[in-house]
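My entries follow in the order in which I made them.

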Amino acid sequence: MPTPSTTPADEPQVRPPGLGSPRSVAEHRMAVLDLLAAGFRERPQAAEDEFLISARGRVLAADVAAPGSLPPFANSQMDGYAVHSADLATSGQPGKRVELAVAATIPAGFEPPALVRGTAAPIMTGAMLPPGADAVVPIEQAVPDSFPSAVGSPAVEALPRATVSLPAGVPAGQYVRSAGSDIRAGDPALPAGTVLGPGQLGLLAALGVDAVRVRARPRVLLLTTGDEVVEPGLPLQPGQIHDANTTLLRSLLEEAGATVLRTRVLADSPQEFQHRLHEDLAAEAPDLIITSGGISKGAFEVVKQGLGREDVEFLSVAMQPGGPQGIGRVAGIPFLAFPGNPVSCVVSFEMFLRPALGSVTGLPRPRPELTALLTADVHSPAGKHQVRRGRYLPPAEPGSTGQVELVGGPSSHLVHALATSNALVHLPAGRESFPAGAEVTVWLLDR
């Protein structure tokens with residue numbers, strides 16, 4: 001996915017080591033992409049067979065060649081009469097008509113006998129063209145312009161003395177779908193790496209394919225930390241809150257094409273965190289580990305403390321919300337740590353993990369990006385890329401620019417504001433004041 005326009009184009013991609021300033025959004029996005037790309041190179045995605053009925057959104061793991069032709073036989077494009085075009089050839093006056101005897105009808109799903117010269121067979125749309133016939137005359141051009149009432153079944157022979165008048169000069173191939181005119185047997189149908197949407201699945205179904213080889217979904221281990229965090233449905237004690245992060249991140253990961261193997265809420269004990277993490281790694285063998293919480297500068301930052309000896313870096317990104325981030329490897333497996341506040345988790349996922357997952361899995365699912373005009377003045381902290389929640393209002397007239405009004409404040413705990421928003425609003429670093437009417441970039445959220 002290309003770097004969104006909300007990131008300054010001239011921002012450096014590599015910062016010299018030893019600088020204490022926060023990492024830029026662009027730098028951290030690239031670091032996350034590099035981490036996942038290296039991990040997927042070292043542990044290539046497995047493949048699995050999937051029935052078409054459940055393969056929507058999956059990625060083909062192997063090329064698919066057409067096992068047969070489409071159409072598999074020459075058939076009629078119209079309701080009308082199958083004819084020998086030579087029977088209607090004439091060098092006479094324009095508008096001349098030819099009278100032919102009516103043969104037995106040809107419905108769809110029936111293998112017809114050869115068409116006798118000098119006859120015309122009523123044929124339905126999609127029905128197999130009889131041997132010898134090479135054109136179809138639409139019923140609207142026939143006289144009479146309706147089929148004989150007794151002709152409607154392949155069991156009914158041609159009507160005695162029934163005739164039909166058809167226009168002369170019908171070219172061979174008129175309203176005929178020739179065998180293989182869509183795709184021929186053995187031709188490439190879909191290449192490996194194709195994301196299977198309705199059109200691709202429809203093609204496979206038409207070719208008679210009922211299951212395909214697809215790439216396995218990335219396997220993600222998801223851990224939430226905090227003594228104060230309680231699973232939804234359980235009663236709260238004083239000082240406790242219900243866990244929103246697991247639900248938020250799980251739904252985002254699954255939407256992006258990943259499989260969440262296991263979710264846990266862990267207490268603020270570095271020893272327990274480390275023990276349970278390695279226990280899960282041995283049992284699940286994930287492709288990616290994600291944690292939320294425990295990475296800031298408090299006294300009980302369990303993720304920081306528990307992973308102090310691992311190949312993990314905890315740093316600050318010049319972004320609000322979502323400044324604290326963790327990145328590295330645990331037991332060789334790519335690891336990302338997000339802040340504990342729910343909105344920070346969502347923003348971190350959208351800014352860093354969604355584009356990286358799309359790149360390495362072949363499932364690019366970026367948020368739709370638009371330009372909108374702010375409805376009110378906004379201020380952003382110096383040197384930070386601020387991501388606010390907003391409500392995008394489409395333009396009243398085609399070709400004009402829509403508007404966006406901010407919902408709630410910049411704080412990262414405002415889950416209700418997130419739930420009532422339909423857009424993420426980008427206020428890029430390097431600018432602190434955005435007056436009403438200023439153009440900003442918005443990413444549309446699913447609603």
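**Loops and backbone**

I placed P321 in the loop between β18 (319-320) and β19 (324-330); helices (H or I, at least four residues) and strands (E, at least two) are DSSP runs, numbered from the N terminus. The model is predicted, so I kept local features only at pLDDT of at least 70 and side-chain atom pairs only at pLDDT 80 or more, while totals for chains, interfaces and linings use all residues. Residues are numbered from 1 along each chain as its sequence is written, and side-chain values use heavy atoms, with hydrogens and water left out.

I found a cis peptide bond joining Q320 and P321, with omega about -5°. Another cis peptide bond joins V143 and P144, with omega about 0°. P144 sits in the loop between β7 (135-138) and β8 (163-167).

I then looked up positive phi values. A285, not a glycine, has a phi of about 50° and belongs to the loop between α4 (270-284) and β16. A285 is partly exposed at 36% relative accessible area (buried is under 20%, exposed over 50%, partly exposed in between; 1.4 Å probe, protein chains only). A331, also not a glycine, has a phi of about 55° and lies in the loop between β19 and β20. A331 counts as exposed, at 55% relative accessibility.

Which residues of α3 (residues 245-255) are buried? I list N245, T246, L249, L252 and L253. They lie on the same side of α3, because they cover an arc of only 140° around the axis, taken from the directions from the helix axis to the C-beta atoms. These buried residues pack against β12, β15 (259-266), β16 (288-292), β20 (333-338) and α6, contact being heavy atoms within 4.5 Å. After α3 comes G257, with a positive phi near 100°.

The largest nonpolar core holds 38 residues, of which L36, L253, I290, L336, F349 and L353 touch the most other members. A nonpolar core is a set of buried Ala, Val, Leu, Ile, Met, Phe, Trp, Tyr and Cys residues joined through side-chain atoms within 4.5 Å. I noted at least two residues of this core from each of α1 (25-42), β12, α3, β16, β20 and α6. α6 gives the most, with 11 residues. Setting aside neighbours within four places in sequence, I290 is in contact with V220, L221, L222, L223, L249, L253, L336, F338 and L353.

**Pocket and cavities**

The largest pocket has a volume of about 510 Å³. Of its 31 lining residues, E228, G293, P339, G340 and N341 are the closest to its centre. Two or more lining residues come from each of β12 (219-225), β14 (241-242) and α6 (342-361). On a 1 Å grid over the protein atoms alone, a pocket is an open set of points with protein on both sides within 12 Å along at least five of seven lines, a cavity is a set where a 1.4 Å probe fits but cannot get out, and lining residues have an atom within 4 Å of a point. Grid points are joined across faces, edges and corners, and a volume is the space filled by probe spheres set on the points.

I counted three cavities of 30 Å³ or more. The largest cavity has about 70 Å³ of space, and its lining includes Q45, R58, R215, G257 and L363.
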